[in-house]
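Work through these exercises with the structure in view. Try each task before you read its solution.

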Amino acid sequence: MSNDNQTTEVAHVDPVADPGLPAHAWRPTDVDPKAEKRAERQVAAFFIASIVMAVLFCVSYFVFEIGEDWDTIGGMGASTVALGVTLGLALMFIGIGIIQWARKLMADHELVEYRHSASSSDEDRADAVAALQQGIEESGIGRRPLVRNTLLGAVGALGLPAVVLLRDLGPLPKDVVDPENGKGLEHTLWKKGERIVRDVIGTPILASELEVGDLVNCQPEILLATDENGNHVLHGVDVQVGKSKASLILLRMEPDDITHGKGRENWTVDGIVAYSKICTHVGCPISLNERTTHHLLCPCHQSTFDLADSGRVVFGPAARALPQLPIAVDSEGYLVAQSDFTEPVGPSYWERDSK
């Protein structure tokens with residue numbers, strides 16, 4: 001008898017028999033209301049402890065001294081130890097509280113999940129949303145205000161260390177740290193009587209040396225000054241920061257070509273003007289001079305400034321004129337600054353004066 005048209009069906013047999021789920025073991029908090037309340041208070045206590053640690057972080061930041069007279073704990077900086085311990089405990093207590101909440105108070109039942117295709121159907125997505133809603137309900141966050149509120153308080157308190165640390169990134173623009181030494185965004189190394197010297201070589205400049213059309217890149221003499229032992233007064237980062245803000249351009253033109261701004265009538269010397277070398281757009285160094293028009297061009301984005309008219313912007317994206325340095329000559333005829341710049345140099349920022 002032919003078997004060509006017959007189909008043989010073979011029953012599927014699992015290689016390992018399904019053992020099934022073990023009997024569900026009830027937790028004490030599932031059957032004992034007192035144990036449930038006790039667990040709820042324990043979880044809230046961890047969240048409250050996290051709040052306390054976040055507050056202590058802020059207290060430690062302001063209490064412990066750093067610098068030459070450091071407070072110490074066990075031979076280590078007290079500030080570092082206290083900040084690390086309090087912030088670490090604040091995070092740890094939140095984690096412990098959430099774990100205890102999940103282990104003792106959230107719904108406890110077994111689930112079996114089968115793998116599915118990578119792209120879920122609309123029905124599966126709807127089921128996922130429903131499962132999320134069910135999870136929220138089973139967590140009990142809606143009916144456990146003590147746990148919910150202390151958790152929110154603990155997470156919110158972590159914002160306090162963040163605010164303190166962000167404030168520690170540096171002084172605000174208007175904070176005058178040390179104007180005599182050019183500290184802060186609103187000050188440079190220029191001050192009354194500071195000699196103007198040529199960049200790189202550091203030689204002072206006689207007003208009589210410059211001819212009409214000459215443009216010179218300059219720096220304050222303090223950058224090259226030395227003490228009685230021959231050591232530079234400024235070094236390292238202080239030199240780089242000071243130079244980046246104090247860089248100057250000198251240009252000599254016919255005195256009659258200059259249009260003096262209000263109150264700037266005595267800021268020049270025989271047609272010599274001094275301006276910041278830092279573009280007010282994004283801070284690029286400027287040095288491209290158009291001799292006949294006295295226009296200075298920034299090579300980065302083509303902002304153009306009129307050095308004969310208070311550094312006014314005549315083209316490009318820069319929104320502010322170049323800051324002008326008031327200059328004079330000393331008893332030996334060398335060019336010096338009358339004061340620091342009367343406005344911040346470089347790009348604009350949110351707290352910069354609008355003038």
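Predicted model: local features only at pLDDT ≥ 70, side-chain atom pairs only at ≥ 80, totals over all residues.

Residues are numbered from 1 along each chain as its sequence is written, and side-chain values use heavy atoms, with hydrogens and water left out.

**Exercise 1. Describe how α2 and α6 pack.**

Step 1. Two packed helices are described by the angle between their axes and the distance between the axes. Helices are DSSP runs of H or I with at least four residues, strands are runs of E with at least two, and both are numbered from the N terminus. Axes are lines fitted to C-alpha atoms, for helices over the stretch in contact; angles run from 0 to 180 degrees between N-to-C directions.

Step 2. Helix α2 spans residues 33-63 and helix α6 spans residues 159-167. Their angle is about 25 degrees, and their axes lie 8 Å apart. So α2 is roughly parallel to α6 (angles under 35 degrees count as roughly parallel, over 145 as roughly antiparallel, 65 to 115 as roughly perpendicular and the rest as oblique).

Step 3. Find the contacts (heavy atoms within 4.5 Å). From α2 come A54, V55, F57, C58 and Y61; from α6 come L160, P161, V164 and L165.

Step 4. Sort this contact by class: 9 nonpolar, no polar and no charged residues. Ala, Val, Leu, Ile, Met, Phe, Trp, Tyr, Cys and Pro count as nonpolar, Asp, Glu, Lys and Arg as charged, and the others, Gly among them, as polar.

**Exercise 2. Trace the sheet β3-β4-β5-β6.**

Step 1. Two strands pair if DSSP finds at least two bridges between them. Here 4 strands form an open sheet with antiparallel pairing.

Step 2. Find the edges. β3 and β6 (272-276) each have a single partner strand, so one side of each lacks a neighbour in the sheet. The twist averages 40 degrees from one strand to the next.

Step 3. Check the pairs. β3 (residues 196-198) meets β4 (residues 215-220) over 3 bridges, and R198 has C218 as its bridge partner. β4 joins β5 (residues 248-252) through 4 bridges, with N217 opposite I249.

**Exercise 3. Trace the sheet β7-β8-β9-β10.**

Step 1. This open sheet has 4 strands, paired antiparallel. β7 (288-290) and β10 (312-315) stand at the edges. The twist averages 35 degrees from one strand to the next.

Step 2. β9 (residues 304-306) and β10 share 3 bridges. F305 faces V313, and T304 stands opposite F315.

Step 3. Their hairpin has 5 residues between the strands, and S310 takes a positive phi near 60 degrees.

**Exercise 4. Which residues line the largest cavity?**

Step 1. The count is 1 cavity of 30 Å³ or more. On a 1 Å grid over the protein atoms alone, a cavity is a set of points where a 1.4 Å probe fits but cannot get out; lining residues have an atom within 4 Å of a point.

Step 2. The largest cavity holds about 50 Å³ of space. Grid points are joined across faces, edges and corners, and a volume is the space filled by probe spheres set on the points.

Step 3. The lining is I258, T259, H260, G261, R264, T268, V273, Y275, L307, A308, S310 and Q324. These divide into 5 nonpolar, 6 polar and 1 charged.

How values were computed. 1 Å grid on protein atoms, 1.4 Å probe; cavity = no way out; pocket = protein on both sides within 12 Å on 5 of 7 lines; lining within 4 Å.
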